[in-house]
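Here is a friendly walk through one model, written for someone who likes to know the cut-offs behind each term. Please keep the viewer open as you read.

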Amino acid sequence: MDRRSILKNAGIAGVLAAGAAPAVHAQAAIRWRLASSFPKSLDTIFGGAEVFAKAVKAMSGGKFEISVHAGGELMPPFGVIDGVQNGTVEMCHTVPYYFYGKNPAFALGSAIPFGLNARQMTAWMLHGNGRKLMNELYAGYNMVSFAGGNTGTQMGGWFRKEIKSTADFKGLKMRLGGALVGEVMTKLGAVPQSIPGGEIYQALEKGTIDAAEWVGPYDDQKLGFNKVAPFYYYPGWWEGGPEVDFFVNQKALDGLSAENKAIIDAASQLAAVDMLAKYDAFNPKALKQLAAAKTKILPFSQQVLEASFKASLEVFAENDAKSPEWKKIYADLREFQRDQVLWFRFAESRFDSFMASQKL
Ligand code: CA
């Protein structure tokens with residue numbers, strides 16, 4: 001044993017004798033990687049993961065650091081669930097309904113046509129059975145979900161021609177986010193298209209597609225859709241309050257101290273509230289600018305909403321037969337929604353509609 005090893009060993013012995021080793025271990029830095037499904041240009045939705053990571057770092061006194069990677073940086077945007085499942089990354093930030101193909105029940109953790117609004121979704125997740133039931137499904141993929149944001153009720157998208165009734169959906173090639181609304185639109189005669197955000201503008205301009213939905217005024221304005229499709233319809237009845245989630249690999253979560261688990265939980269809720277607040281704060285200005293630029297902002301007709309609702313119920317019944325997980329979670333969500341709609345009809349709805357009719 002040379003002099004250097006003796007000194008080194010003596011040093012370790014000294015540390016152990018002083019009982020400092022466990023303290024050194026507890027202070028060890030934790031470094032995780034988070035794969036996002038979103039591009040950096042979507043500052044509100046991609047930014048949710050940055051708000052989360054910053055909060056985790058601050059709450060842990062800098063000891064828990066999570067690097068945030070944009071969609072495509074570590075893995076394809078829609079590969080992030082697989083990345084968490086097999087432990088390539090510790091966590092991801094994504095929209096559960098992207099993974100409808102794995103099991104239709106994934107959509108229930110985010111948004112289904114004519115589902116819950118953002119407030120009701122949070123109520124179902126935190127104080128209904130939502131989070132518990134969704135995590136039972138996600139356990140089959142080695143992961144646990146945490147709230148990761150919400151956009152609020154989305155807009156119904158951009159159309160090159162007017163939509164007066166569902167007859168106008170016949171043969172309409174429309175870019176839609178999510179396979180579930182695609183199935184509903186197919187029943188109404190439309191031809192759903194799956195196109196990444198960055199390519200929608202060109203497809204609309206060339207006429208390769210007739211319509212496209214994205215998010216709402218703030219995000220849509222950035223992509224310039226009003227220049228190529230003048231009709232902007234509302235509401236996006238397929239996304240009344242779509243939840244964005246953080247998913248954490250089960251083994252990675254199990255390896256955290258109780259303190260760090262609490263930090264993950266608190267930071268995720270902070271990021272979720274922040275995202276919805278940003279959309280609510282930023283959408284009005286963008287909507288006014290779109291209106292000033294001569295966008296024709298129109299509501300979907302009662303006939304469009306009623307026929308779409310009926311078609312949605314047909315797809316839901318098909319899913320009941322296809323997936324026992326869908327059947328169980330969907331029944332719980334609908335029961336919760338029945339009471340939510342009943343309650344919201346009273347104070348909230350009356351207050352909102354009165355305020356909307358006043359000159360402020
Ligand atoms: Ca959308």
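Buried means under 20% relative accessible area, exposed over 50%, and partly exposed in between, using a 1.4 Å probe and protein chains only. Helices (H or I, at least four residues) and strands (E, at least two) are DSSP runs, numbered from the N terminus. This is a predicted model, in which local features need pLDDT of at least 70 and side-chain atom pairs count only at pLDDT 80 or more, while totals for chains, interfaces and linings use all residues. Residues are numbered from 1 along each chain as its sequence is written, and side-chain values use heavy atoms, with hydrogens and water left out.

In helix 7 (residues 179–187), the buried residues are Leu180, Val181, Gly182, Val184 and Met185. They pack against strand 6 (173–175), strand 7, helix 12 (302–322) and helix 13 (324–345), where contact means heavy atoms within 4.5 Å. After helix 7 comes glycine 189, with a positive phi near 100°.

Helix 6 (residues 130–139) is largely enclosed by the rest of the structure, because 7 of its 10 residues are buried. Arg131 and Asn135 are among them. The partners of the buried residues of helix 6 are helix 5 (118–127), strand 4, strand 10 (243–249) and helix 13.

**The nonpolar core**

A nonpolar core is a set of buried Ala, Val, Leu, Ile, Met, Phe, Trp, Tyr and Cys residues joined through side-chain atoms within 4.5 Å. The largest one has 102 residues, and Phe52, Ile66, Phe159, Phe169 and Met185 touch the most other members. Helix 3 (residues 43–59) gives the most to this core, with 8 residues. Beyond its neighbours within four places in sequence, methionine 185 is in contact with Phe169, Met174, Leu176, Ala190, Trp237 and Trp238.

**The sheet**

Two strands pair if DSSP finds at least two bridges between them. An open sheet of 6 strands runs in the order 7-6-8-5-9-11, with mixed pairing. Strand 7 (191–193) and strand 11 (296–299) are the edge strands, each pairing on one side only. Strand 9 (residues 231–234) pairs with strand 11 in the parallel sense over 4 bridges, and tyrosine 234 stands opposite proline 299 in strand 11.

Donors are N, O and S atoms within 2.8 Å of the metal (3.2 Å for Na, K and Ca); water is not among the atoms, so sites may look incomplete. The calcium ion is coordinated by Gln154 (OE1), Glu213 (OE), Glu213 (OE), Trp214 (O) and Glu239 (OE), at 2.3 to 2.9 Å. Glutamine 154 sits in the loop between strand 4 (143–150) and strand 5 (157–159), and tryptophan 214 in the loop between strand 8 (211–212) and helix 9 (217–223), so the pair ties together parts that are 60 residues apart in sequence.

**Aromatic rings**

Rings of Phe, Tyr and Trp (its six-membered ring) pair if their centres lie within 6.5 Å; planes under 30 degrees apart count as stacked, over 60 as edge-to-face and the rest as tilted. The structure holds 21 aromatic pairs. In one of them, the rings of tyrosine 97 and tyrosine 98 have centres 5.6 Å apart and planes at 85°, so the pair is edge-to-face. Both tyrosines belong to an aromatic cluster that also includes Phe78 and Phe247.

| Residue | Relative accessibility | Class |
|---|---|---|
| Glutamine 154 | 5% | buried |
| Tryptophan 214 | 16% | buried |
| Tyrosine 97 | 11% | buried |
| Tyrosine 98 | 29% | partly exposed |
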